[in-house]
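Dear colleague,

I am handing over the structure we spoke about, and below it you will find what came out of looking through it. Please read it with the model open beside you.

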Amino acid sequence: MTEELNIRRGVSEDISELVRLYDETVEHLESHVNYPGWKKGVYPGRDAAEEGVETGTLYVAETKGRIIGSIILNGKQEAAYNGVSWGVEAEPEEVMVIHTFLVHPDFRKSGAGKFLMEFAEVQALREGKKTIRLDVYEKNEPAVRLYERQGYRYVATVDLGLGSWGLPWFKLYERTAEECLNGVLSRISPLSAGAMELASLTWSHVAKPLYSLGILEEDVIKIAGISETQHVDIGNRALIIMCSDNGIVEEGVTQTGQEVTAVVTENMTDGNSSVCLMADRAGVDVFPVDIGVSRDLRSGARNPLIRKKLAYGTKNFHKEPAMTRETAVSAIAAGLSVAGELKEKGYRLIATGEMGIGNTTTSSAVAAMLLDRDPAEMTGRGAGLSDEGLMKKVSVIREAVKRYGPECSDAIDVIAHVGGLDLAGLTGVFLGGAVYRIPVLIDGFISGTAALAAAKLAPAARDYMLATHVSAEPAGRLLLDELGLKPFVAAGMCLGEGTGAVASIPLLDMALEVYTKMSTFQDIQIEEYKPLASQRNSGTQ
């Protein structure tokens, strides 16, 4: 049933149908057990529907053109919420509250309620909320069971002032952003085996030696599995560049100051950077994201800045953790959100890039901790350190690994202690690729570190990643080997910004020209090649 469900924002034309949904639901409750204590024509009614539509906070679940459920997601907290010890401290604008959640009685066991609740989790992450809260009449046992199955934690029982309606006590529940993220990641689905088989079959009929385009053929098949069709289309492609500053720069681990981050990011919005020029040639739209640059930025018109700033840079991890775990989760959610927004706009391929002075230091620290390797193996010269500067960089990272390692239980902890906001945002982009079924291209070392972090959080996410090149940074090959991914090229690139990922896209385009337009053996009346046993057994498909 859920495969046929669509959730969208309600519009004014829906109001009459919403009122009918409300009335029919309450009529059913009144003739059976009125668990929520709702009253027809009072609540929920037209006023709730009109306000929800007007404010853009009402969403409907529909199937075959019929609205069968609805939910309102806003920030309205009852006064009684203020006297409660919530699990997460959050400002009012950081809280999402669920209201007027219902499913038509004819569809109670269809999975629509669970689907709407899962949608609320995604929406909370996309809006950058720290927590979701709700209240439910204490005797509304079906709703209580649903919320608890969905992982909502009981917080308190309060009086909402509805005793005169026979509703004296309400239970309050909460679900944090991190819990929402974990829920979303748990629902990542595998690649479509059927689409991959058909794509592989298509390649086998193309009039050329079998498997002769190597990794390019494999990745076209992989994209078919991601997009669930053998008709592979990457015509609309985007580059997401996560931009932020890193407090570790204070330790002299870079050749330039962090003021460069802001200048280059603004130049990117004007289309004036290396990767922007390359993207123009490759037909890639560029989306710079300010997730933590150390000053406020202007935006050019060419590539408008996406504003997701969570802080004015991270803290110096030589002295204290780079950020809180909560901030790291918010940054990951921001990246996931940008990926989802681009999918909705019709993009079929995402390349990843970054801009942030000091981010080879944060990436080396994160990679060393995730792979449990000596920082000296994972650390390079970045944008051009001297021998003395490289020794200082390795020393700073080694001290941080020794200090924070025992405190880190997962990749989020590692990012929070020694990572950067750009790195966390890119981790979210890779996770978003898996959630929204869109292939994501790994660029170089920094992007690869984010990909590794994403794979540690959700192993299924690595199936949605494509390696493009081997970074010249020392750990470039190690990261790809750990991910089990093979790059298109090894060009000795280490510029960053997404340049390697963008440079690889024309190779994919050329492979797809052969895949979609090349004559088949049948067309030219030549017997097809037969795979050798060594080819069948080598994993080359």
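A residue is called buried when its relative accessible area is under 20%, exposed when it is over 50%, and partly exposed in between, using a 1.4 Å probe and protein chains only. Helices (H or I, at least four residues) and strands (E, at least two) are DSSP runs, numbered from the N terminus.

With these terms, helix α14, residues 411-418, is mostly covered, since eight of its eight residues are buried; among them are Ile412, Val414, Ile415 and His417. At the start of α14, a side-chain oxygen of Asp410 comes to within 3.2 Å of the backbone nitrogen of Ile412.

This is a predicted model, in which local features need pLDDT of at least 70 and side-chain atom pairs count only at pLDDT 80 or more, while totals for chains, interfaces and linings use all residues. Residues are numbered from 1 along each chain as its sequence is written, and side-chain values use heavy atoms, with hydrogens and water left out.

Turning to the whole protein chain, its secondary structure comes to 19 helices and 13 strands, and buried residues make up 56% of its 541 residues. The C-alpha atoms fill a box of roughly 75 × 70 × 45 Å along the principal axes.

With best wishes

Conventions
A polar contact is a pair of N or O atoms within 3.5 Å; within protein, one must be able to donate a hydrogen and the other to accept it, and residues adjacent in sequence count only if both atoms are side-chain atoms.
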